[in-house]
Amino acid sequence: MKIICIGRNYLAHVKELDNDLPTEPMFFMKPETALLPIGEPFSYPDFSKKVHYETELVLRICKTGKAIDEKLASEYYDAITVGIDFTARDLQSQCKAKGHPWEIAKAFDYSAPIGKFKKISELKNADDISFGMKLNGECVQQGHSRDMIFSFDKIIAHVSRFVTLKEGDIIFTGTPQGVGEVHVGDRLELFLEGNSMFMFQVN
Ligand code: ZN
């Protein structure tokens, strides 16, 4: 399976990092080794001094598709959860300055903790899914899917022009504003539609 991540998909977050507004979805990938088993702590990596959390809705692909029509895109994902796209922001800034790829800042081991998936059909408000994250008990990020610049269906259509999507692949759909640093000892708790989905510690 592969993990696809969408960057710059919420206006307020694009502004907080002083990035340009995208005209089409931009994406990058993380390998399967980026997944963090539920319940395991996240070990702060020794190669970074500035690891940021990005709390995101995460879709699960349910059938194989290539060059998927946006109108049919909703048939290709059936489940959703929340996750963190951990980012070594110091390394990412260096990569951006040099015009290098982002992998060392984004694709490292355990950089993609995710919760258990829920069927989208079972959500009360699938048109505007709310999510958030509490850092040490304090809410630091809150988002609503209606605020995305590119919808789930637009993302699926765009990504599948370039990369075949397969059952079991997952897509991080971008972070709202409020990204920030984690530190050793922090506790992160993620929410979907107001329900606590999972919790983990930074070691
Ligand atoms: Zn992200």
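Is Phe28 buried or exposed? Buried, with a relative accessible area of 11%. Some notes on the rest, bearing in mind that this is a predicted model.

1. **Zinc site.** The zinc ion gets its protein donors from Glu54 (OE), Glu56 (OE) and Asp85 (OD), which lie 2.0 to 2.1 Å away from it. Along the chain, the donor residues follow the spacing E-x1-E-x28-D. Glu56 belongs to strand E5 (residues 55-61) and Asp85 to the loop between strand E6 (77-84) and strand E7 (87-88), so this pair ties together parts that are 29 residues apart in sequence. Glu56 is buried at 0% relative accessibility, and Asp85 is buried at 1%.

2. **Phe28 and its partner.** The count of aromatic pairs comes to eight. One of them is Phe28 with Trp102, a tilted pair at 5.5 Å centre to centre and 55 degrees between the planes. Phe28 is in strand E2, while Trp102 is in the loop between helix H2 (89-98) and helix H3 (103-106), so the pair ties together parts 74 residues apart in sequence. Trp102 also counts as buried, at 18% relative accessibility.

3. **The Phe group.** Phe86 and Phe200 pair edge-to-face, with 6.0 Å between centres and 90 degrees between planes. This pair links distant parts of the chain, 114 residues apart: Phe86 is in the loop between E6 and E7, Phe200 in strand E15 (residues 195-201). Phe86 is buried at 0%, as is Phe200 at 4%.

4. **Surface.** Leu11, Leu21 and Ile149 make a nonpolar surface patch of about 250 Å². Leu21 sits in the loop between helix H1 (11-16) and strand E2 (26-30), and is exposed at 52% relative accessible area.

Conventions:
Residues numbered from 1 in each chain as written. Predicted model: local features only at pLDDT ≥ 70, side-chain atom pairs only at ≥ 80, totals over all residues. Heavy atoms only, no water. Patch = residues over 30% accessible without salt bridge, like charges linked within 9 Å, V, L, I, M, F, W, Y side chains within 5 Å. Areas by Shrake-Rupley, 256 points an atom, 1.4 Å probe, with all protein chains shown as cover. Salt bridge = Lys/Arg side-chain N within 4 Å of Asp/Glu carboxyl O. Helix = DSSP H or I, 4+ residues; strand = E, 2+ residues; numbered from the N terminus. Buried < 20%, exposed > 50% of the residue type's maximum accessible area, 1.4 Å probe, protein only. Donors = N, O, S within 2.8 Å, 3.2 Å for Na, K, Ca; no water. Phe/Tyr/Trp six-rings, centres within 6.5 Å; stacked < 30°, edge-to-face > 60°.
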